[in-house]
Structure formats: C-alpha cells, structure tokens
Amino acid sequence: MKNLDLLVNSEEKRQEETLMLIPSENYASKKVREFVGSRLSNKYSEGYPKRRYYQGNYFIDEIETLAIEKAKKLFNVPHANVQPYSGSPANSEILFALANFGDKIMGLKLSAGGHLTHGHPNITFSGRYFKSIQFGLDKDGLLNYKKIEELAKKEKPKVMIIGTTAYPLVFDWEKFAKITDSINAYLVADISHVSGLVLGGVYPDPAPFAHVLMTTTHKTLRGPRGAMIMVTQKGIKKDSELPSKIDKAVFPGLQGGPHNNTTAGIAQALIEADSSDFRKYADQIVKNAKVLANYLKGGGLTLVGGGTECHLMVVDLRPLKLSGNVLAEALEVAGIVVNRNSVPNDPMPPFYPSGIRLGTPAITTRGMREKEMKIIADWILKVVDHVKDIKLSTNSEERKVFTRNFKKNIQKDKFLIDISKEVKNFLQKYPIS
Ligand SMILES: Cc1ncc(COP(=O)(O)O)c(C=O)c1O
C-alpha cells in the first residue's frame with residue numbers, strides 16, 4: 001500500500017506544478033486551510049446558534065454567527081444558512097423546503113451546462129423525486145428566454161432552479177424573474193460558480209430578482225468546500241416562513257451536526273472577500289478570461305457563445321473533429337489541467353464530449369494577468385496542433401480500447417513532456433499559499 005503522507009504531498013506538489021484551468025477550482029488562503037484543519041472539527045453542534053442540542057458551543061455560536069452576518073452583509077440578504085455540507089446537499093435542501101415530492105421543478109439540462117441537482121432525470125434526487133422539466137440552449141449555444149418562458153408557462157413548475165457550470169455568458173436574472181413571477185413560482189439562483197464575481201461587481205447580482213440564492217464556497221469565492229443558502233428580501237416578501245423552512249430543511253431535514261471547521265473557513269473567506277483586493281481579484285478573473293478567449297479564437301479555435309463574459313469558456317472542437325478526451329489528456333501531460341466538456345447539442349455521449357472547459361479563477365489567484373494569458377494560450381494552441389489528427393472511432397467498443405491505450409502512450413510523448421517542463425518552470429514565479 002502506498003504511503004498516505006507521500007500521496008498527500010504528491011497531490012500538493014501536483015497543484016503547484018500544473019496550470020489549474022478547471023473553472024470550478026481555486027486555491028483557498030492559508031488561513032482558510034488552517035481553520036479547516038483546526039480542532040473545530042472535533043465539536044458537535046447540532047442546531048443553530050443559541051439553539052444547540054450539545055453543550056460547549058459558545059465559541060462555535062459566535063463563529064457561525066460571524067459567518068452568517070458576513071454573508072448577509074456581502075450578498076445583501078436578510079437570511080443566510082452556512083451549514084450545508086456542499087452544493088449538492090444545499091440544492092436538495094432548497095427543493096425539500098420549497099416543494100413536495102412529485103411537484104414540478106425546472107432547470108437547465110446537464111448537457112447544456114446545468115447541474116445534476118437541477119433536475120437531471122432518473123439518477124439524481126432532484127430528477128427522481130420531483131417531476132423535472134428541463135430546458136436546453138439554442139444551436140448557437142445561448143439561452144433562449146422566449147422559449148424558456150413558453151415552456152414554463154405551459155408546465156407551471158413550482159420552483160425554477162437556475163444556475164450553470166459551463167455557460168460562458170452572463171444570465172439575465174430579471175428575465176428569469178419575469179418568468180417565475182408570471183407563474184407564481186420560486187426562483188432559486190444557484191450562483192456556485194460566479195458568487196465571487198457577483199461580490200466583485202463583475203457579474204449580475206441575482207439578489208433583487210430571486211427568492212433564494214445558493215452558492216458553494218470553494219469556487220470563485222475561494223473558501224473551503226461547503227455551501228450557503230440565502231433567502232432574499234423578495235423571498236421573505238413571497239413567504240415570511242422561508243428562512244425557517246430553509247433552516248429546518250438543512251437541520252434536521254437532511255443534515256446532522258454542522259462542520260464547524262468549515263464554518264470558520266467560510267467566515268474567513270467572507271472576511272477576505274469583503275475587501276477592495278478581492279474586488280480587484282474578481283475583476284482580473286474576468287479580464288484574464290476575456291484575453292485568454294481572444295487568444296484562443298485568434299489561434300483558430302471556436303468558442304461556445306463566441307467567447308466569455310465571466311470566468312470560463314468552452315472550446316467547441318467539432319470543427320477540428322477532435323475529441324475533448326484526446327485534448328484534455330494531452331493537455332494534462334503538458335501540465336495544463338482542463339475539463340473535457342459537452343458542447344450544446346453535442347452529438348457525442350457525455351463521456352466522450354466534443355469540447356473542453358477552462359477558466360481563470362485559480363491562475364488569477366496565483367497572480368497571473370493579461371500578459372500570462374498569451375503564454376498559456378500559445379501552449380494550448382501548440383498542444384491542439386500536436387494532437388489534431390488523432391481521431392476517436394465512432395464505434396463505442398473501439399473507442400474504449402483506443403482511449404485506454406492512448407492514455408497510456410501519451411504519457412511518454414516528448415513534445416508534451418517538454419511543454420510540461422516549461423509550465424513547471426514558469427509556475428515557480430507564481431507560488432500558491
Ligand atoms: C452550479 C453548481 N451547483 C451545484 C454544485 C454542486 O456542488 P458540490 O460539488 O459542492 O456538491 C456545483 C458543483 O460543481 C455547481 O457548479
């Protein structure tokens with residue numbers, strides 16, 4: 001069996017020596033990580049501040065209250081719950097609070113950039129226990145608000161849970177609110193990917209339009225792995241019981257004791273986000289993404305939606321007849337870590353999609369700016385050029401065997417290994433905390 005210390009150290013080293021372009025990942029500060037690793041994880045605190053089922057919670061009460069108050073101030077909302085273990089449990093808790101099993105819910109399809117918890121059929125809690133209505137994107141990869149409105153008016157869902165993991169343009173929350181208001185539905189804004197950008201003022205704020213907000217805390221918010229559910233003024237106006245319904249759905253509805261170490265990490269991330277430095281950081285994420293997108297387009301790549309207005313972009317590899325798997329594997333050997341990703345109306349199955357997804361939150365945390373985006377784009381374009389003639393078979397068995405062999409053989413590719421050395425060398429100038 002491998003030594004655990006060695007494995008943990010190796011992962012830390014991998015993070016240091018590779019370019020992290022997965023848009024949902026980031027580097028939490030040293031202080032956030034220290035709190036997450038603190039003795040706070042020893043304590044049980046079922047309940048809420050001043051209403052616990054365990055003794056000995058006076059400091060924990062203050063820590064959780066501090067996180068709640070910071071969240072309320074920053075997102076300008078009257079109620080926040082910071083206990084959800086992560087984004088998926090949080091979305092389940094929201095649905096549990098707002099709807100009954102069998103009620104209709106509506107969200108963006110997984111293949112179009114929605115999340116599993118937004119009603120993905122059959123295999124998820126949200127798709128199995130609720131009647132799920134799903135909408136996609138138009139051929140150009142964009143939301144069609146008119147069509148969404150028609151579908152919502154026809155189906156009349158009780159809840160619309162709206163958010164994305166891959167949409168490169170900003171959402172028009174006002175248009176979504178017009179739709180939900182017209183059918184008296186709840187609007188839940190899942191801003192997991194973009195909450196840091198919302199705080200930085202570089203992404204539209206859903207708080208005036210939605211009834212409930214949910215965000216994970218480990219993406220652009222740069223905190224520990226966790227989540228928060230917030231009720232807006234509009235939410236309380238629609239239903240004054242909403243804060244208590246959400247709190248009850250979290251505990252005792254779906255969770256037990258909160259992870260106090262994470263709560264302290266969230267409080268710290270929110271303190272860090274309440275600063276002009278963080279606002280500059282958020283602004284730089286979007287600037288970097290736009291510059292990177294332009295260089296990639298200039299190098300001949302096609303981007304879904306024509307580019308980006310946020311922290312991420314999706315490259316459509318169909319014009320090159322190149323598989324997202326092949327490119328993502330090759331980039332990883334070159335020290336550049338991205339996701340393979342479906343493109344809108346992808347003819348290929350999700351395991352062999354026709355695109356890659358990349359984003360700038362993590363590299364911006366490392367201190368990279370516009371000039372570094374050119375260097376990164378050049379590496380990506382070189383790798384694309386290197387593998388562009390490698391084609392996956394359309395036969396699913398052949399494809400499996402090919403992928404297995406390809407994955408093994410590409411590890412020895414000298415051209416890619418040489419780029420990985422350049423990447424490693426380059427990254428020494430951008431240490432992580
Ligand atoms: C929009 C969105 N919602 C929910 C989640 C689920 O979060 P978690 O992975 O923490 O359960 C994610 C995670 O990628 C997400 O991007």
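Helix 4 (residues 87–98) gives the most to the shell around the ligand, contributing three residues. Helices (H or I, at least four residues) and strands (E, at least two) are DSSP runs numbered from the N terminus. The structure is a predicted model, in which local features need pLDDT of at least 70, side-chain atom pairs count only at pLDDT 80 or more, and totals for chains, interfaces and linings use all residues. Residues are numbered from 1 along each chain as its sequence is written.

**Ligand shell**

Of the 13 residues around the ligand, those that come nearest are Ser 86, Gly 87, Ser 88, His 115 and Ser 192. A residue is near a molecule if its C-beta atom, placed from the backbone, lies within 6 Å of it. By class, the shell holds no nonpolar residues, 12 polar and one charged. In this division Ala, Val, Leu, Ile, Met, Phe, Trp, Tyr, Cys and Pro count as nonpolar, Asp, Glu, Lys and Arg as charged, and the others, Gly among them, as polar.

Helix 3 (residues 58–75) has 18 residues and reaches 26 Å from its first C-alpha to its last, close to the 26 Å expected at 1.5 Å a residue. The expected span is 1.5 Å times one less than the number of residues. The buried residues of helix 3 are Ile 60, Ile 63, Glu 64, Ala 67, Ile 68, Lys 70, Ala 71 and Phe 75. They cover an arc of only 160 degrees around the axis, which puts them on the same side of helix 3. The arc is that of the directions from the helix axis to the C-beta atoms. A residue is buried if 20 or more other C-beta atoms lie within 10 Å of its own, exposed if 12 or fewer, and partly exposed in between, with C-beta atoms placed from the backbone.

On the face turned away from the buried side, helix 3 carries the exposed residues Tyr 58, Phe 59, Glu 62 and Lys 73. The cover over its buried residues includes strand 4 (79–81), strand 9 (212–216), strand 10 (227–231) and helix 11. Helix 3 is followed by Asn 76, whose phi is positive, near 55 degrees.

Asp 274 is found in the loop between helix 11 (260–273) and helix 12 (276–298). Asp 274 is partly exposed, because 13 other C-beta atoms lie within 10 Å. Leaving aside neighbours within four places in sequence, Asp 274 is in contact with Lys 70 and Leu 74; contact requires C-beta atoms, placed from the backbone, within 7 Å. Asp 274 and Lys 70 are 204 residues apart in sequence, yet 8.4 Å apart in space, C-alpha to C-alpha.

An open sheet of four strands has the order 11-12-15-14, with antiparallel pairing. Its edge strands are strand 11 and strand 14 (339–341), each of which pairs on one side only. Two strands pair if DSSP finds at least two bridges between them.

| Strand pair | Bridges | Direction |
|---|---|---|
| Strand 11 (residues 302–303) and strand 12 | two bridges | antiparallel |
| Strand 12 and strand 15 (residues 355–359) | five bridges | antiparallel |
| Strand 14 and strand 15 | three bridges | antiparallel |

Thr 302 has Asp 316 in strand 12 as its bridge partner. Met 313 stands opposite Leu 358 in strand 15, and Asn 339 stands opposite Arg 357 in strand 15.

Five of the five residues of strand 12 (residues 312–316) are buried, so the strand is largely enclosed by the rest of the structure. In a regular strand the side chains alternate between the two faces of the sheet. Leu 312, Val 314 and Asp 316 point one way from strand 12, while Met 313 and Val 315 point the other way.

Ser 323 lies in the loop between strand 12 and helix 13. Ser 323 counts as buried because it has 26 C-beta neighbours inside 10 Å. Not counting residues up to four places away in sequence, Ser 323 touches Leu 317, Tyr 352, Ser 354 and Leu 392. Ser 323 and Asn 341 are 18 residues apart in sequence and 9.8 Å apart in space, C-alpha to C-alpha.

**Helix 17**

In helix 17, Leu 416, Ile 419, Ser 420 and Leu 427 are buried. Seen down the axis, these buried residues fall within an arc of 105 degrees, so they line one face of helix 17. The face turned away carries the exposed residues Lys 414, Asp 418, Lys 421 and Asn 425.

Methods:
Contact = placed C-beta atoms within 7 Å.
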